[in-house]
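Open the model in your viewer and keep the selection panel at hand. The tour goes stop by stop.

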Amino acid sequence: NLIATASNKPKAKYVFRKRLPFQCWTIADLSTALQRGQFVPYFQPKLDFLTRKPIGVEVLARWMHPDQGMISPSQFIPLMESAGLIDWLTVELLHNVLDCTKKWYSARPEISISFNASPLTLEKSAIPNQWLGIVKEHNVSPERIKIEITETALPKDYKSLLESATRLHMHGFGLSLDDFGTGYSSLQLLSQIPFSEIKIDQSFVAAARNNKRSVVILNAIVSLARNLDLQTVVEGIETESDAVFFQQLGFDLGQGYHLAQPMAGDDLMRWLSAQQSV
Ligand code: C2E
Ligand code: CA
Ligand code: CA
Ligand code: CA
């Protein structure tokens, strides 16, 4: 199984351009790029540690710049957020993803699709109904969709975010707490929002390798998650020993370069069918 995973890694069609020391595009560039459909979804599978089977994919935005190649989200998400373009990106991705996953979607009912949502988007009260409308338009059940909320980017007053999250949950969407353990309000958020999943930030993977105290914390996270009935995903699994280590601690799922790289839609489809025949 493992060997197959390694050999099925899609060949990189694009390599990320080197990060520039300054922001080299404007709001107008981003909005033109949105109009031209230059933002595309990449997909990174989440695997069950025990069976090594995919049970979900996370959508990660990529900008296919006509001159500069593939640009990573950390280089355009912050500007999109401050320019008010991030809601538009999410809507584009929803349509795009639900369209391109049609080919395998109904044949693989065990696989959920996760979207990253900016807290700035979630604060808007119209969002839950808008997303429900899009998902229904594509004949997809909201139960198959997870919304990842990052705790590090929370606004001071997050009452409207709580309302949107609760509404999304009522509509059937799954909620996931992203980058768990890096923010200030994890525990408070866990008690207030009906999450079904937490994603342990990749900084824990590096820390766990040489820090006994972090193992104590990881054990506490596993038992907290069990008692709250939360699925646990560990991000940044880069080696087989990371995978074994976190599986033995009792974590459910892993995501990371060792298990599967982020890949384009057609590569994902090939990857999924190769996995199935293993
Ligand atoms: P994230 O949600 O924490 O996503 C995980 C990031 O870790 C991704 O970076 C992924 O490519 C990377 N990664 C995956 N496996 C490994 C590994 O084994 N080791 C290491 N070191 N990294 C790994 P990416 O794609 O550059 O995305 C960066 C961030 O941009 C995401 O972090 C997310 O917060 C944000 N983002 C991406 N797409 C969207 C989007 O559509 N909307 C919003 N609002 N934010 C997005
Ligand atoms: Ca995420
Ligand atoms: Ca994360
Ligand atoms: Ca992150």
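**Stop 1: calcium ion (ligand 2).** Select the calcium ion (ligand 2) and show its protein donors: Glu 58 (OE), Asn 116 (OD1), Glu 148 (OE) and Asp 178 (OD), at 2.1 to 2.3 Å. Donors are N, O and S atoms within 2.8 Å of the metal (3.2 Å for Na, K and Ca); water is not among the atoms, so sites may look incomplete. Along the chain, the donors of this ion are spaced E-x57-N-x31-E-x29-D. Two of them join distant parts of the chain: Asn 116 sits in strand 4 (residues 112-117) and Glu 148 in strand 5 (residues 145-150), 32 residues apart. Helices (H or I, at least four residues) and strands (E, at least two) are DSSP runs, numbered from the N terminus.

Now colour by accessibility. Buried means under 20% relative accessible area, exposed over 50%, partly exposed in between (1.4 Å probe, protein chains only). Glu 148 is buried, at 0%. Asn 116 is partly exposed, at 30%.

This is a predicted model: local features need pLDDT of at least 70, side-chain atom pairs count only at pLDDT 80 or more, and totals for chains, interfaces and linings use all residues. Residues are numbered from 1 along each chain as its sequence is written, chains are lettered from A and ligands numbered from 1 in the order in which they are written, and side-chain values use heavy atoms, with hydrogens and water left out.

**Stop 2: calcium ion (ligand 3).** Which residue bridges the two calcium ions? Asp 178 does, and the ions lie 4.0 Å apart. Asp 179 in strand 6 and Glu 235 in strand 8 are 56 residues apart and link distant parts of the chain. Asp 179 is buried at 19%, and Glu 235 is buried at 10%.

**Stop 3: helix 10.** Select residues 203-210. Phe 204, Val 205 and Ala 208 are buried here. Look down the axis: the buried residues of helix 10 fall within an arc of 100°, so they line one face. The arc is that of the directions from the helix axis to the C-beta atoms. Arg 209 and Asn 210 are exposed, on the face turned away from the buried side. The cover over the buried residues includes strand 7 (197-200) and helix 11 (212-227).

**Stop 4: confidence.** Colour by pLDDT, the predictor's confidence in each residue, from 0 to 100. The chain averages 90, and 90% of the residues score at least 70. Over residues 1-11 the pLDDT is below 50. The complex has an ipTM of 0.98 and a pTM of 0.92 from the predictor.

How values were computed:
Contact means heavy atoms within 4.5 Å.
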